[in-house]
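Open the model in your viewer and keep the selection tool at hand. Each stop below says what to select and what is there.

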Amino acid sequence: MLNLDIFEGTPREKFFDIIFNANRNLVENEIENLLIKIIALSELCEENGISQAQVQNYILQNPDRIEDGLNDAFIHHVGNILSNNE
């Protein structure tokens with residue numbers, strides 16, 4: 001059982017605490033699932049004519065949305081890892 005206070009630190013800090021301290025198999029599964037989703041999204045972008053430049057421009061033009069989404073993703077993946085750790 002991990003002994004980490006869930007209310008301390010940022011979502012980013014907590015994510016990396018969990019990644020480096022949780023069961024390796026659980027972390028590997030979560031990262032693999034994340035990469036599968038990235039590949040699927042990349043393929044969908046390509047199929048729908050969305051270029052890498054358009055994606056990069058979106059990232060640069062929407063830093064607040066990206067940061068909020070990143071924090072949500074950190075929280076989501078920490079939850080997935082911890083819920084499978086029990």
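**Stop 1: a histidine.** Select His77, which is found in helix H4. Bear in mind that this is a predicted model. Is His77 buried or exposed? His77 has a relative accessible area of 10%, under the 20% cut-off, so it counts as buried. Now show what His77 touches. Leaving aside neighbours within four places in sequence, His77 is in contact with Phe15, Glu30 and Leu34.

Stop 2: Go to Phe15, one of the contacts of His77. Phe15 is buried, because its relative accessibility is 13%. Phe16 has 37% relative accessibility, so Phe16 counts as partly exposed.

How many aromatic pairs does a search of the whole structure find? The search finds 4. Phe15 and Phe16 form an aromatic pair that is edge-to-face. Check the geometry of Phe15 and Phe16 in the viewer: 5.0 Å centre to centre, with 85° between the planes. Together with Phe15 and Phe16, they form one aromatic cluster.

Stop 3: Select helix H1, residues 11-21. Which residues of H1 are buried? They are Lys14, Phe15, Ile18 and Ile19. These residues cover an arc of only 135° around the axis, which puts them on the same side of H1. An α-helix has 3.6 residues a turn, so residues three or four places apart point the same way.

**Stop 4: the nonpolar core.** Now select Phe15, Ile18, Ile19, Ala22, Leu26, Val27, Phe74, Val78 and Ile81. These 9 residues are the largest nonpolar core. Colour by helix. H1, helix H2 (24-47) and helix H4 (63-85) each supply at least two residues of this core.

Centre the view on Ile81. Which residues is Ile81 in contact with, leaving aside its neighbours within four places in sequence? The contacts are Ile18, Ile19, Ala22, Leu26, Val27 and Glu30. Glu30 is also a contact of His77, where the tour began.

**Stop 5: the largest pocket.** The largest pocket has a volume of about 650 Å³. To find its centre, select Leu34, Lys37, Ile38, Leu41 and Ala73, the closest to that centre of the 17 lining residues. H2, helix H3 (52-61) and H4 each give two or more residues to the lining. Which helix gives the most? H4 does, with 7 residues.

Key:
Residues are numbered from 1 along each chain as its sequence is written. This is a predicted model: local features need pLDDT of at least 70, side-chain atom pairs count only at pLDDT 80 or more; totals for chains, interfaces and linings use all residues. Side-chain values use heavy atoms; hydrogens and water are left out. A nonpolar core is a set of buried Ala, Val, Leu, Ile, Met, Phe, Trp, Tyr and Cys residues joined through side-chain atoms within 4.5 Å. Buried means under 20% relative accessible area, exposed over 50%, partly exposed in between (1.4 Å probe, protein chains only). Helices (H or I, at least four residues) and strands (E, at least two) are DSSP runs, numbered from the N terminus. Contact means heavy atoms within 4.5 Å. The arc is that of the directions from the helix axis to the C-beta atoms. Rings of Phe, Tyr and Trp (its six-membered ring) pair if their centres lie within 6.5 Å; planes under 30 degrees apart count as stacked, over 60 as edge-to-face and the rest as tilted. On a 1 Å grid over the protein atoms alone, a cavity is a set of points where a 1.4 Å probe fits but cannot get out, and a pocket is an open set with protein on both sides within 12 Å along at least five of seven lines; lining residues have an atom within 4 Å of a point. Grid points are joined across faces, edges and corners, and a volume is the space filled by probe spheres set on the points.
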